[in-house]
Amino acid sequence: MNEQSIVIMDAVNLNYHSPEGETPALEDISLSVSKGEFISIVGPSGCGKTTILSLIAGLIRPTSGRILIEGKEVDGPSSKTGYMLQQDHLFEWRTIQQNVLLGLEIQGKITKENKRRAIHLLETYGLADFRDHYPWQLSGGMRQRVALIRTLAINPDLLLLDEPFSALDYQTRLALSDEVAGIIRKEEKTALLVTHDISEAISMSDRILVLSKRPGSVKSEYSIHLTGENRSPVELRKAPEFRNYFNKIWKELDVHVS
Amino acid sequence: MSVNKRHNNDSPEHLAYLNKIKQKEIAVRVSQIAILLAFLALWELAASLKWIDSFITSQPTRIWNTIRNLYQTGELYRHVFVTLYETIIGFTLGTITGTAIAIVLWWSDFAAKVADPYLVVLNSLPKVALGPIIIVWMGAGTASIVTMALLVSVIVTVIGVLNGFLDVSPDKIKLLKTFGATKRQILTKVVLPASIPTIISALKINVGMSWVGVIVGEFLVSKAGLGYLAVYGGQVFQLDLVMTSVIIMLVAAALMYQGVAWLEKRYMKGRR
């Protein structure tokens with residue numbers, strides 16, 4: 001945990017309360033994410049992967065432990081973090097441009113400069129022609145790209161990606177993960193990706209955390225080093241080390257169909 | 001890229017397809033008009049050939065004459081205006097009050113839980129039964145009639161609109177929360193706009209509801225209006241007058257419904 005850490009979770013526990021009782025969801029989670037790093041969290045379903053993102057985003061409070069972003073304790077949503085959900089959730093009554101400006105609007109930061117930046121993002125990532133279109137006129141992959149730009153428009157340092165590709169078909173998913181990885185690298189963002197797709201995690205990340213079953217705790221950690229000239233996730237899937245990582249993490253996850 | 005565009009150079013096959021749709025639409029419309037005309041013609045014929053007693057059933061030409069007479073004496077406008085005025089006020093008040101209550105109940109989960117049994121009971125109560133009470137409280141006049149229209153439509157609106165609010169996807173709300181949205185922003189940026197289709201269908205129901213309220217109100221207390229005309233016609237055994245007022249109501253209610261449908265089309269533009 002050095003000064004370069006943008007996110008630090010220190011011995012975080014979280015219990016869920018319901019009339020049926022108290023369920024421990026996360027147990028003693030400690031992690032740190034360095035600036036510019038791309039980290040993936042994989043784990044069995046229901047292990048609390050998404051909960052970790054909600055905690056960092058300031059949507060819920062931990063039962064115990066500390067969460068710091070850039071050295072400051074998280075006490076609510078901040079413009080330093082951008083959250084991307086599984087579905088694009090573009091508002092059907094807004095045009096693409098109006099959708100992209102949503103975050104700035106909420107935060108009261110619609111300035112000329114911010115607006116220009118957001119529109120520039122649309123242009124850079126091939127959506128300029130669709131500014132005045134409505135969401136239903138776009139394909140699933142394009143919509144999710146708009147959702148990413150909506151997140152980037154508030155200029156966060158840290159991106160929290162909650163299975164952002166899982167609602168897409170396989171081809172779109174591959175193409176989009178490639179593109180998103182490129183965008184994130186180009187915009188020099190730090191990213192925390194939650195996924196249940198092991199290949200996706202290996203091909204996109206610098207580091208992978210494997211969570212245990214509920215209550216989720218960090219079971220193991222892998223630093224990913226794939227050899228390849230091209231840094232694109234699709235190409236990196238062909239790296240010789242890929243299979244190795246896959247097998248190890250697969251075993252670790254201990255998936256049983258019962 | 002799934003951009004829908006109409007191309008000018010459509011293939012003959014596609015043109016034939018479009019043509020077929022168009023023809024079907026025309027056939028439906030022609031049949032609808034034909035049924036209406038046939039009904040009116042049969043009614044007229046049956047009355048003039050004395051198959052039915054036109055004193056009791058009236059007949060289209062007699063209704064037409066009644067309308068003309070009312071028009072010439074200037075009474076037509078007065079009655080239509082009074083009823084329309086009451087209906088539109090009742091409709092607007094019912095919709096606005098209902099939506100406002102729904103917003104309060106959405107805002108406070110506690111209030112919604114407390115209000116629930118009251119809403120259920122009030123919803124099943126025939127509001128018309130409150131008529132005599134309203135007249136005693138509000139006096140025998142327009143205020144009572146408008147209140148009647150308001151009461152008939154308000155509870156349905158509350159229930160319909162609140163359900164619409166609660167149907168808004170929790171993930172859309174989560175998205176706004178990640179941007180740090182306040183509860184007020186969640187209401188104005190997502191809950192209300194997402195519920196516009198629900199609110200419009202509430203409006204459609206309220207058109208009918210407020211007409212019920214106003215006509216019942218006019219039956220009970222009034223000196224003018226289409227409901228008054230119908231009751232008066234019944235009392236003096238002038239079925240022409242009763243039928244005439246019913247037909248004018250039909251036309252007016254249909255126009256009002258069309259108005260809401262037009263609103264719907266305008267607001268749903270661009271949505272899918």
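Predicted model: local features only at pLDDT ≥ 70, side-chain atom pairs only at ≥ 80, totals over all residues.
## Where chain A meets chain B

Let's start with the interface. On one side, 28 residues of chain A are in contact, and they face 24 residues of chain B. The size of an interface is often given as the accessible area lost when the parts come together. Here the area buried between chain A and chain B comes to about 2,400 Å², with carbon and sulfur atoms giving 67% of that. Three residues stand out on the chain A side: A:Trp93, A:Ile106 and A:Trp136 supply 29% of the area that chain A buries against chain B, more than any other three residues.

As for polar links, there are 4 residue pairs in polar contact across the interface of chain A and chain B, counting pairs with both residues at pLDDT 80 or more. The count of salt bridges between the two chains is 2. A salt bridge joins the side chains of A:Glu92 and B:Lys172, at 3.9 Å from N to O.

## What the chain A side is made of

Which helices of chain A each supply at least two residues of the side that touches chain B? They are helix 1 (49–56), helix 3 (102–106) and helix 5 (140–152). Helix 3 of chain A gives the most to that side, with 4 residues.

Sorted by class, the side of chain A that touches chain B has 15 nonpolar residues, along with 8 polar and 5 charged ones.

## Aromatic pairs

Over all chains, a search of the whole structure turns up 8 aromatic pairs. In chain A, A:Phe91 and A:Trp93 form a stacked pair, 4.8 Å centre to centre with 25° between the planes. A:Phe91 is buried, at a relative accessible area of 0%, and A:Trp93 counts as buried too, at 16%. Because the cut-off for buried is under 20% relative accessible area, A:Trp93 with its 16% falls in that class.

## Two threonines

Is A:Thr195 buried or exposed? A:Thr195 is buried, with a relative accessible area of 2%. Look for A:Thr195 in the loop between strand 8 (190–194) and helix 7 (198–204) of chain A. Its side chain makes a polar contact with the side chain of A:Glu200, at 3.1 Å. Leaving aside residues up to four places away in sequence, A:Thr195 touches A:Ile41, A:Val42, A:Gly43, A:Lys49, A:Glu163, A:Glu200 and A:Ala201.

Over in chain B, B:Thr61 belongs to helix 3 (residues 60–73). B:Thr61 is partly exposed, with a relative accessible area of 39%. The C-alpha atom of B:Thr61 is separated by 9.5 Å from that of B:Leu40, and these two residues are 21 residues apart along the chain.

Technical notes:
Residues numbered from 1 in each chain as written. Chains lettered and ligands numbered in written order. Heavy atoms only, no water. Buried < 20%, exposed > 50% of the residue type's maximum accessible area, 1.4 Å probe, protein only. Polar contact = N/O pair within 3.5 Å; in protein donor to acceptor, adjacent residues only side chain to side chain. Contact = heavy atoms within 4.5 Å. Buried area = accessible area lost by both parts, 1.4 Å probe. Salt bridge = Lys/Arg side-chain N within 4 Å of Asp/Glu carboxyl O. Nonpolar A, V, L, I, M, F, W, Y, C, P; charged D, E, K, R; others polar. Phe/Tyr/Trp six-rings, centres within 6.5 Å; stacked < 30°, edge-to-face > 60°.
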